[in-house]
Amino acid sequence: MGWSMAHGTTDEARLGFAGTGAVLRRTFGYGRAYRGGAVSAVGLLVLWTLTLLAGPLLVRRAIDEGIAKGDGSQLNASIAMYVVVALASYLSFRFAILQLAKVGEAFLRDMRTRVFDKLLQQSMAFYDREKAGVLVSRMTSDVDSLQELIQFGLVMFTSAALLLVGTTMLLFFLSWKLMLLCLVAMPVVTIASVKFQRDSNRAYLLVRDRIADTLSSLQEGLSGVRVVQAFAREHIESARFAEANRDLYRTHMAAVRIQCWYLPIVEFAGAATTAVALGVGGWMVSEGEMTVGTIVAFILLLSSLFEPVQQLSQLFNMVQSAAASLNKLFSLLDEPILVTDRPSAIAVHGRAPIVIEGVGFSYGGGEPVLSNVNLEIGVGERVAFVGPTGAGKSTLAKLIARFYDPSVGSICLGDIDLRDISVRSLRTEIVVVPQEGYLFSGSIAENIRVARPDASDDEVREALDRIGVLGKFEALPTGLETQVQERGNRLSAGEKQLVSLARAALADPSVLILDEATSSVDPGTEAMVESAMETLMQGRTVIAIAHRLSTSQRCDRIAVVAEGRVVELGSHGELVAAGGHYADLYTAWVSGLGGRF
Amino acid sequence: MKFGPREAIALTATTPDGKSELGDRLRSSADGVEGSSRAGWALIAATAREEWPGIAFGMLAGLLYTAGRVAVPLLIQLGLDRGVNDGEPLLPWSLAIVGAGLFSACFLGLRRYLAFRNARIIEARLRDRIFAHVQRLHFSFHDANATGELMSRGNTDLQHFQNFVTLVPLAFGNVLIVVMVTIIMLVLHPLLAVLALASLPFVNVLGRMFAQELNPAIMRVQQEAAELATVVEETVSGVRVVKGFGAEPVQASKLAAEAGDVHDAALVSSAIRARYLPAMELLPSIGLITVLGYGGHLVLDGELTIGELVSFNIYVLMLIQPLRMLGMIVANGQRASAAGVRIAEVLDTAPAIIDVGSPTALPDTGELGRVEFRDVDFGYHPAATGAGVLRALSLTIEPGESVALVGATGSGKSTVARLLPRFYEVDGGAIMIDGVDVREVGRRELRKAVSIVFEETFLFSSSIRDNIAFADPEVDLATVVRAAELAGADAFIRELPDGYDTEIGERGFSLSGGQRQRIAIARAILADPRVLVLDDATSAVDPAKEHEIRDALGEVMERRTTIVIAHRPATIALADRVVFLDEGQIIAEGTHDVLLATNARYREVLAADRDVADEGPV
């Protein structure tokens, strides 16, 4: 977005010295592959800094050796050296930028893929725990803040630091007495810089919050404009917005005020030290302790003493927020992976019964969601899981798909424990069709191909045809190549479901887990969804998480899950006759109080 | 689009004024925008005029700051020549430098403060204006302009505008520096001045070329980064699908490709930096070498003093920054004027739906809520010929009557609902409420009289209570609760963590679609309109729960004119009368049962909409 998002690091996010050290060490560890490149980049920056320092020295040489002694050839020699230095400066700066970008961007590219691969390896438990928005922001705003540092800040920050050190050393070398006098100003500038860095960091965090507030007021005022007008509240909303806007103005000005006292201090420090150098230096010249060229070099170098301090204090926030981002990325890389293949994992093929034995499960060691569940599902059998929300029926289905591993007990496909099967091959045998069809950007065909990336166009069409919906999608103006995210092409909830079912058809698993939608999809396509689902179920083992009696009625057996256990098991007829939970639900349904569990 | 961080640094870290080097050394916020336009500059001029005293003071501060700064090298020169060389007392010169430094430092702060203050005031004022204006603009404007588009007016465009306004007084100071320094150098030694300054204009030229080349490159990096973000976002939100089908390798290779693209784009932009930045550093060095070489010989020949040589050197250094920045301000000005054009476009759009000079009040006695459509023609795109959405539609609804509008998608039933509160203007015919043409009624009064509940529920990020009391924020809790009860929302609201004070929306509690719709209905009920329009307002409500609302709505509908647009037979059956629309015309009227029995097309439309068979009792 186009707001000026300031750099700021919150106090919690800010790393201590130890933390910064750890991040640095870690970065160097990761950076091993780029070490050669990094060393040469820094080498070039050092060279560039040296050329910057050489300028005033050459002026001194020209004055003392040439002009003061009336020696034109010495003057010319100094000029020639200056030309060489200027060219060296040009080249070293140029290659430093290129080299640093090369190393930095490569590091960043690898960081991106590495973090993303790590995310992909994580189990569902991880995704349940972490907010999607936070994960996305790791890969976007955190990586972006590193990118920005590499693109804009790193050259300046490094060279400012080098220049500060180099200038200080050179000034001492030129005249340590004069330098000591000038250093009197240093504590003032340093304290002011530290205070500036802190205050401006805080001020910009505030600005950032106010910007976000104003932005969301703006957003809300615009997306809700129809409601606002429908209730004739335009004037009130405008007044409310003006208030948020005023707050933003105030925080902006508070941030500006901080700069307004800081910059003059640095400016004045420059002038004051120049005055000292001229006054005291001039006296030293008259005492014969110093040459005129040295004073001149001294005065010229003083400007590269305070500027780097100022730059460092301004870039510090950028570096700090990049370090904080890097730290977050590292901690993401450190996350353990819960569901992985055992080294001995094998691939499975073909149909086998599912055997659940003594399974118990809790999310992250909390309250048990399932306890002592035993159930055997035969090949080609259809079993419905029914029960109230939160009873554990979805969890049980996820364990069968091995989105999680059971805390106790075991789930076997045939006689092989799921944990001994490679995740890859398990995913081709057991497929989950989620409640809501999720679409990726791209064409309809690409979306279906998610189930089997190597499938040909014909295979995709065949999968659609098998569930009887090929005609529906081909009827679209651009057929299966229709881009689903483009305006005007948005698929309805029912159509998304159909894509989701087509994926399952393409994957052609032996076990199908259907998570039935709780709310009805658009009436126009619901009938189609139903019939596609029916076709898809043919000849497969089916586990349906049912919300409707119409679904459970069609299954061979029904498992009623309540409070983490299977409390009833049997066919529709048997359970109705048995007069338990299921019979109650059934009675409620036929008496017309509602059709869902 | 992510301008943010870059711009931000331009504010946090740097100062577009002379002092800070890094401001534009490595990043230039200039934008290659073609075609500045008169409307943009006009807006810039108009807003600047409003703030003229601030801008004038800012420029004055800039002038004084510049004077102080330019004096320092002269004082150094005099100190060196008279003090160091000729042995006169040095102290006065040192003190003078301190004085000049103090003087310029004070005005540096003041100039900066004034520059930003003016710019921020202008920014805030314009943003207020944009918001208030957009709030008043008609529906068809909002239909044609996506929210995101408008957001960027009040956001990115304003930012560009603000940047430029900030730069103006700073640029003025820079022009002054360039002028004063050039004059001083010419006075000191004309030929040396010309030689020293010869290479410097190229700094300006290079600065502009740099900005123009860099900007698209940066845009591309941002574009590629956005594409990468899409892959991440989709993978994370669709992780169940990705994991369910074992599609991790596919996503991983997608991301690797995107990361490669970002990498390549970033290297392109670095290559541009590498090409221009060192060159822009080299040019002043040429000036410095010339000063030292030619000037040095002049000193040897006794035509120039050492002090003058040094001050030439310092002056050349002093010019680099202003020249670079002046290159930037041209590009910035172009960008600001383009942004100004886009802002002016919005501000210049006149609201299409406005009150007549002396609005007629709706009658407030007798039987109220009579609605009449007389030969109404309407189309969303007036320019498009032929098929209007409504064609000569006439319909009368008596006070207190409830009417269900039924029709296939595109039949015009929602349009009927949207015309009544005058969200759009009819193309022909008239719509009357209680005998008054809606165009004659003041909008405030009209929209108090007609409340509409949209199919797509929009709730504000505030408490549930505030949302329901939207029409009348002053109302007491009992009234809010009563409205919620009538909408069948009270029960679930009470179960929420903070009941009626529960915050909802983006950062608050997230409600289901059905719950949101019920809150929207409560909001309309609280407004107590004489005509209530429910546009598919219960579509997301779980059918199992709909009967609760249905009972409550029955009570609401009894007391006022109600127009219901619905698919579910049970909801349609609530109405006294069904009006069946097809292609913008009424093709049948009657009770639900009669239409069901006699009209085949009606049965067809309902069947297409009907919920799945064994969905429970109707």
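Two residues are in contact if their C-beta atoms, placed from the backbone, lie within 7 Å.

**Ground rules.** My model is predicted, so local features need pLDDT of at least 70 and side-chain atom pairs count only at pLDDT 80 or more, while totals for chains, interfaces and linings use all residues. Residues are numbered from 1 along each chain as its sequence is written, and chains are lettered from A, ligands numbered from 1, in the order in which they are written.

**Ala502(A).** I looked up what this residue touches. Leaving out neighbours within four places in sequence, I get Ile448(A), Ala463(A), Leu464(A), Ile467(A) and Val469(A) for Ala502(A).

**Where A touches B.** Chain A puts 138 residues into the contact, and chain B puts in 138 residues. On the chain A side, helix H9 (residues 234-286) gives the most, with 29 residues. Helices here are DSSP runs (H or I, at least four residues), numbered from the N terminus.

**H3 and H10 in chain A.** I checked how H3(A) (residues 72-121) packs on H10(A) (residues 292-334): the angle is about 40° and the axes are 9 Å apart. Axes are lines fitted to C-alpha atoms over the stretch in contact, and angles run from 0 to 180 degrees between N-to-C directions. H3(A) and H10(A) are therefore oblique to each other; angles under 35 degrees count as roughly parallel, over 145 as roughly antiparallel, 65 to 115 as roughly perpendicular and the rest as oblique. Which residues of H3(A) meet H10(A)? I find Met111(A), Arg114(A), Val115(A) and Lys118(A), and they meet Leu329(A), Leu332(A) and Leu333(A) in H10(A).

Technical notes:
Helices (H or I, at least four residues) and strands (E, at least two) are DSSP runs, numbered from the N terminus.
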